[in-house]
Amino acid sequence: MTRKILCLLAVFFLFCSSFICHAEEEMITITESPITVTYNGDAVVFPDAKPTVSNGRTLVPARAIMERAHLTVEFDAPAKTVVASKDSLSIKMPLGGTTAEIVRNGESKTVTLDEPARLIQDRTYVPVRFLAESLGIKVNWNPYAKEVVLIDTAEWKQEIASRSHYLNFLFDKPFIPNKPEAGSSAANISLQYAAQGIPDADGVPKNRSAEVSLSSTATRVFDGKKGGSFSSVQADFSQLNNIDVEFLKLLFSTHDMEALSKLAKSHNLEIDSIYDTSKTTHIKSTGLSAICNDFEQTALAEQMAKNYVAFQPDELYSLFFTDFGVSNASEVLLNAKSEWDLLEKLIERDDMLYTRSVQSIDALLKAYTDLFDDSLFTISRHWDGTYIRQYRPKEAELKDKLLEISALRNVINGTPLDDATYENHKNILKNTTVNLQISMFLKEKDGSPVKTETSFTVNMNNQPIPYIEGATRQFKLEMQTGESTRDFEAKRDRRILLPKNSVPFAELYKEQ
């Protein structure tokens, strides 16, 4: 799933007029603006009452939005109070009053409204921001399209949890374990590439071929307060420069060809890392030190070879992601507990996330949920009482969903595919074999896995290369990963000590 939330501005102007209506024994002048309201990208339908503005505040008919949020709405006529409830949430709003009572999980609090709840044309209107805060959802105002954008991440999460055990596990997996544990992981990635008719520097068509691979093993320990891992990585990128530039950009999601060319060699890396609950990560590696030297980061290379370098969360993430699209990214990363928590915090910080972007996020989450729906997993029980969930989707359905997800990710990243490019991707998939298998081993039927294994293969037959006349390419990409988790054992697993001579990354890194 993407970590940054980008918005698309729908810029258009609608003109408005004014009219006068009665509301609870007072005359109120209301601007008849074409204000719309969306809830997780869906338009909220107001049959006979429309959102409006009074005294600079956006007021909305309460019932339509509360019912969209799955609350039961009633009107206590003697007390002239609107009462809405769902599960452990209750909201009481007296008409004409400047306060409301919110009861959540048995705890009651009184909230002051910047505009009182009131009757307009026999419909109860309340300030939309109060309503959103009462429901615990995000509200954005798009002044260009005159739309109120309501974002209910809890509804998204509930949908995922009810339909996809696997996706829910991935999203909720904590960045730092909740209890002492240990484990191991392994990964193998290989790419076989061949192309015909790629022009060389003199414009002469040439054939190219390359094989690149990466394999790694790692062990990790978390003692309850601190964690550490030791990884061994072997990467053969020596033929990387034989691959055409456009495919490299697609493969590594980057346009920095100079940086990639510096990695075109074999690498043997041993990486020792230590972290604490503040998420500061200390890394030591002679192999990474050599790469730092290749990038002319001599001070960083020298420290990493002899001792540890301390990375703050945003510094470590910036090696892979260049922009989070929100302010105070380091604070967001520091406080996020999981992938889903990170997404929620990014959405909460983004006040320019409007309906079109919310629709894209909603569609992307639904596409992922459809792809990993529980109905596509088989569950079997072993003789020892453990369970295994296995996932082997049909190839045609898998390719359709991968194409949909790819297109949606491009929209969210601000680079939507045009019709010709989309059709080209679709045609390429027709001549491509795709296979995905996932196995989850669990102690309990609906518990967290103690071991996961994943295999993903893409085999593309000879296809034309866009923008290079007469050129074709083919490739086979294979990925296998595995991970296991067990309880921390005092006699078996060492306690983690934070390094004393670790130097902050910011003091060593030199801007190029």
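How many strands does the open sheet with the order β7-β8-β9-β10-β11 have? It has five, and their pairing is antiparallel. Before going on, keep in mind that this is a predicted model, where local features need pLDDT of at least 70, side-chain atom pairs count only at pLDDT 80 or more, and totals for chains, interfaces and linings use all residues. Residues are numbered from 1 along each chain as its sequence is written, and side-chain values use heavy atoms, with hydrogens and water left out.

A quick word on terms: strands (E, at least two residues) and helices (H or I, at least four) are DSSP runs, numbered from the N terminus. Two strands pair if DSSP finds at least two bridges between them.

Back to that five-stranded sheet. Its edges are β7 (72-76) and β11 (107-112); each has a single partner strand, so one side of each is left without a neighbour in the sheet. On average, neighbouring strands here are turned by 15° against each other, direction ignored. Look inside the sheet and you'll find β9 (residues 89-94) running antiparallel to β10 (residues 99-104), joined by four bridges. For S90, the bridge partner in β10 is V103.

There's another open sheet to visit, with four strands in the order β4-β3-β15-β14 and mixed pairing. Here β4 (42-43) and β14 (138-142) take the edges with a single partner strand each, so one side of each has no neighbour in the sheet. Two bridges pair β3 with β4 in the antiparallel sense, and T38 has A43 in β4 as its bridge partner.

Finally, find helices α13 (residues 395-412) and α14 (residues 419-430), which pack at an angle of about 155° with their axes 11 Å apart. That makes the two roughly antiparallel, a label for angles over 145 degrees. Their crossing is right-handed. From α13, K399, L403 and A407 meet Y422, H425, K426, L429 and K430 of α14, with contact meaning heavy atoms within 4.5 Å. An α-helix has 3.6 residues a turn, so residues three or four places apart point the same way.

Terms used: Axes fitted to C-alpha atoms, helices over the stretch in contact; angles between N-to-C directions. Parallel < 35°, antiparallel > 145°, perpendicular 65-115°, else oblique. Left-handed = near helix turned anticlockwise from the far one by under 90°.
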